[in-house]
Amino acid sequence: MPIAQPVPLSQLNPPPDPSSHQRWDDFVPKKYYIQTLSEVLWEYSDQYPYNQGSWSYGMNGIIPGETFVANYGEPLLIRRINNLPPVGQGHIKFALPSSTIHTHNGHQASESDGFPADFTFPGEFWDHHYPSVYAGCDKLGNLVGDPREALTTLWYHDHRLDFTAPNTYAGLTGFYLNFDKQDSNNENDTTPGAFRLPSGKYDVPLILHDVAFDKYGQAAWDFVGAVPRVNPEVAGGFDSHNTTYTVNGMIGDRFTVNRRIQPFFRVERRKYRLRVLNGGPSRLYSLAFTMDGKTPEPVVIITNDGNFIPAPLTVQDYVDYWPAQRRDVIIDFAKYKKGDKLYLTNRLESRVDGAGQTGRYLDTNDLIMRFDVVGGPVNNDPSRIPEFFRDMPPVDLSEVKREREWKFDYTNGLWTINDKLMDPDRVDAHIGKETAEVWTIRNDGDAWSHPIHTHFEEGIILEFNGKPVLPGDIRYGRHDTYQLGPGDEIKFFGRWRDFVGRYIIHCHNTVHEDHAMMATWKIESDSTESVAAITPVKKTIG
Amino acid sequence: MNNRRKFLVNFSSGAAGLLLAGAAAAATTDVVAKEKPKYADQKSLGTDMLQGSGEFPEVTVETSEGKTLKLYKDLVQDKVVLIHYMSIRNEAAFPVVAKVLEIAKRFGSKLGQDVHIISITSDPQYDTTARLRVFAKHMGVPRKGWDFVRMSGESSTLVASRMHGHAHHPMPKALVDLIQYGNETVGLWGGFPANIEPDDAVLRVTSVFPGKPVSGPLRRGGPRPLGAPGMSFNNRVA
């Protein structure tokens with residue numbers, strides 16, 4: 001996918017307004033970008049009818065949007081221009097031509113975070129300031145932050161109030177990759193400490209979206225009919241003629257990767273870094289790389305969401321990817337022969353209404369994309385897999401000022417957090433800047449699944465269903481998205497630092513999000529909520 | 001079996017490289033057109049076809065003015081609407097009509113012209129047309145552009161399915177409810193909690209108004225200068 005290219009500041013007319021951005025003077029942008037949202041014709045495939053073009057919401061003319069490559073220490077600004085056709089004048093009818101773009105899970109100020117109510121209309125632009133700083137800079141008293149807080153694979157997507165699901169479905173997603181001196185984007189980097197992970201064309205972002213198309217090859221958003229209705233008069237006992245407006249989810253019937261239907265990719269016989277991301281809207285995956293459509297090949301997992309895990313983890317099993325989750329996977333194709341084919345394979349059966357998993361594996365797995373091994377042995381693969389990446393920031397429970405609980409449930413056909421629906425004007429948690437808290441998130445339902453995402457900061461999972469999460473567990477590490485299955489409960493530790501303002505926690509099944517499973521929390525310089533301290537526990541973990 | 005969507009068999013392409021269609025062996029069936037669904041038991045439910053891009057069921061309603069209308073054809077089709085449930089006896093505990101009234105006031109002359117409101121009673125037995133009339137007058141509901149309606153149990157089941165994802169009236173005591181809004185001409189539908197700021201609600205509803213061609217220089221949507229006045233729930237330039 002194309003890499004976004006900076007533009008001269010002079011092309012931003014009018015220029016950015018420093019008074020609109022927290023800490024502008026601390027993090028003056030060194031690069032500027034322009035991204036224009038517009039309606040585009042996109043070829044999901046060269047086969048009919050998709051080769052006729054599918055109307056989509058693109059960014060700079062493509063979907064996914066260009067990949068941003070950001071380096072820590074190089075702040076940047078992206079001006080996003082809404083050039084979408086006004087309501088009723090475009091080809092796409094199910095998405096709203098009003099957008100806000102969130103970089104998931106960047107450490108940026110609230111006014112640049114893509115808060116759901118911070119949207120533009122056609123003819124407007126929004127300036128997003130990305131400081132490219134590690135979290136924790138204020139505590140350290142510098143403008144660098146704590147390198148243990150480095151983020152890697154992020155992505156950006158629409159986050160428009162009430163319309164996130166159809167807008168992202170229509171095309172408004174893309175990758176945002178962070179690099180620093182260790183993860184230096186250079187597999188030939190001889191600097192001591194550089195990871196030398198596969199780079200350049202061997203560093204491949206892969207965003208999965210399942211899409212439903214109509215007979216004309218146009219992406220269709222299914223309002224009705226996802227829930228089979230009991231009808232004893234019909235063979236099988238169910239029919240699809242259901243009037244229930246689905247607030248549960250949207251399951252597409254075509255698997256796309258980078259907005260191409262079930263593509264293949266020619267790979268050389270060397271290592272690749274594959275950044276696998278479930279872009280939603282609702283489907284859960286359990287993924288492995290297989291040759292026979294069933295048996296997992298060994299791979300090396302190096303990240304959880306946007307965070308390096310302390311040490312690479314070799315896995316020969318299926319791994320769950322819920323919406324918004326990503327893992328960077330290293331595969332060494334050197335051990336395969338020319339002509340071998342590997343498939344990114346899904347075994348998890350999703351509920352047809354999109355509300356989660358059925359609890360069953362598929363009888364025949366889904367083949368999402370194919371990797372074709374080509375060429376002879378590559379003897380000079382310079383890339384490496386370090387034995388160790390980074391220490392995690394320590395969990396110091398004595399820092400914790402408050403414990404909070406977020407309960408996710410379903411009432412009146414709507415998705416609630418602590419029995420409430422999203423109101424951007426209602427702050428449900430006032431958090432003191434430079435404080436730590438422990439959050440417990442709980443799924444009070446027994447039939448649906450919620451990938452819970454909270455913005456701006458990462459969390460370190462302490463417990464899953466009451467049991468500690470320890471090194472070696474796939475859940476160990478920092479996360480921004482948490483898998484809450486039916487009845488599950490997760491407790492995590494987090495810090496809130498460096499900026500003030502509103503952010504959100506929400507389900508990243510974006511249909512749930514739009515039907516109001518979202519809540520606002522706010523970092524404040526002088527919050528009184530956080531000083532209601534719990535009894536400190538003098539213990540450090542990690 | 002759901003036969004509305006099928007998968008291509010042996011979908012393949014000879015093109016090289018990533019991002020082009022390739023073979024996949026997991027397919028089972030073929031793509032078919034997404035047709036408007038019809039009720040299998042249509043006979044028992046009357047003229048119950050899902051209508052338009054918003055896919056509302058067509059049911060017969062009685063307004064507080066005593067008119068008999070079709071919900072979709074007369075009240076939703078070709079309009080921008082707010083539609084929600086209420087009941088007279090529940091208004092004290094969950095003042096949704098009062099909330100909608102705040103929104104309606106902000107629409108001003110647009111109400112009845114550019115946007116219409118439909119309040120559906122979830123208690124048609126108690127909320128007779130006469131009671132609804134008195135209630136609306138007591139609340140100060142504008143006469144133009146806002147209809148209070150009641151309908152039969154079967155019809156209400158269909159409408160509740162469309163609006164609430166389940167086939168029964170919303171539970172009023174839950175104090176959780178969405179007001180749905182949409183532009184039916186285009187097929188854009190959303191929903192907001194009943195108790196959000198009225199200015200927020202108006203902004204959301206006007207977002208789906210028919211758009212006009214954009215002209216002139218680009219305008220800054222945001223963020224506004226830190227500390228500058230503006231709406232409390234966003235960072236948009238005022």
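Let's start with one residue pair. H453(A) sits opposite H506(A), and the latter belongs to β34(A). One caveat before I go on: this is a predicted model.

So what surrounds that pair? Strand β28, residues 450-454 of chain A, is joined to β34(A) by three bridges. The two run antiparallel.

Now the other neighbour of interest. β34(A) also pairs with strand β35, residues 518-524 of chain A. That pairing is antiparallel too, with six bridges. Take R502(A) as an example: its bridge partner in β35(A) is K522(A).

How buried is β34(A), which covers residues 501-507? Six of its seven residues are buried, so the strand is largely enclosed by the rest of the structure.

Step back to the whole sheet. It is open and has five strands. Read the order in chain A as β26-β35-β34-β28-β32. The pairing is mixed. Which strands stand at the edges? They are β26 (427-432) and β32 (481-484) of chain A. Each has a single partner strand, so one side of each has no neighbour in the sheet. On average, neighbouring strands here are turned by 25° against each other, ignoring direction.

Strands of a sheet pair through backbone hydrogen bonds, and the pairing is either parallel or antiparallel.

Next, strand β4, residues 76-82 of chain A. Seven of its seven residues are buried, so β4(A) is largely enclosed by the rest of the structure. Which residues point which way? L76(A), I78(A), R80(A) and N82(A) go to one side. L77(A), R79(A) and I81(A) go to the other. Both sets are buried, and they include R79(A) and R80(A).

One is strand β1, residues 31-42 of chain A, which runs parallel to β4(A) over seven bridges. The other is strand β6, residues 124-130 of chain A, antiparallel to β4(A) over six bridges. Keep your eye on I78(A). In β6(A), H128(A) is opposite I78(A).

On to chain B. The chain has 238 residues, and 45% are buried. Its secondary structure comes to six helices and 11 strands. Look at contacts between residues at least 6 apart in sequence: 56% of those join residues at least 24 apart.

One helix pair to finish. Helix α3 (residues 96-107) and helix α6 (residues 198-207), both of chain B, have axes that come within 9 Å. The axes cross at roughly 60°. That angle makes α3(B) oblique to α6(B). The crossing is right-handed.

Which residues make the contact? From α3(B), they are E102(B), I103(B), R106(B) and F107(B). From α6(B), they are P198(B), D199(B), A201(B) and V202(B). By class, that contact has five nonpolar residues, three charged and no polar.

That's the tour. Happy to take comments.

How values were computed. Residues numbered from 1 in each chain as written. Chains lettered and ligands numbered in written order. Predicted model: local features only at pLDDT ≥ 70, side-chain atom pairs only at ≥ 80, totals over all residues. Axes fitted to C-alpha atoms, helices over the stretch in contact; angles between N-to-C directions. Helix = DSSP H or I, 4+ residues; strand = E, 2+ residues; numbered from the N terminus. Parallel < 35°, antiparallel > 145°, perpendicular 65-115°, else oblique. Left-handed = near helix turned anticlockwise from the far one by under 90°. Contact = placed C-beta atoms within 7 Å. Nonpolar A, V, L, I, M, F, W, Y, C, P; charged D, E, K, R; others polar. Buried ≥ 20, exposed ≤ 12 C-beta atoms within 10 Å, placed from the backbone. Pairing = 2+ DSSP bridges.
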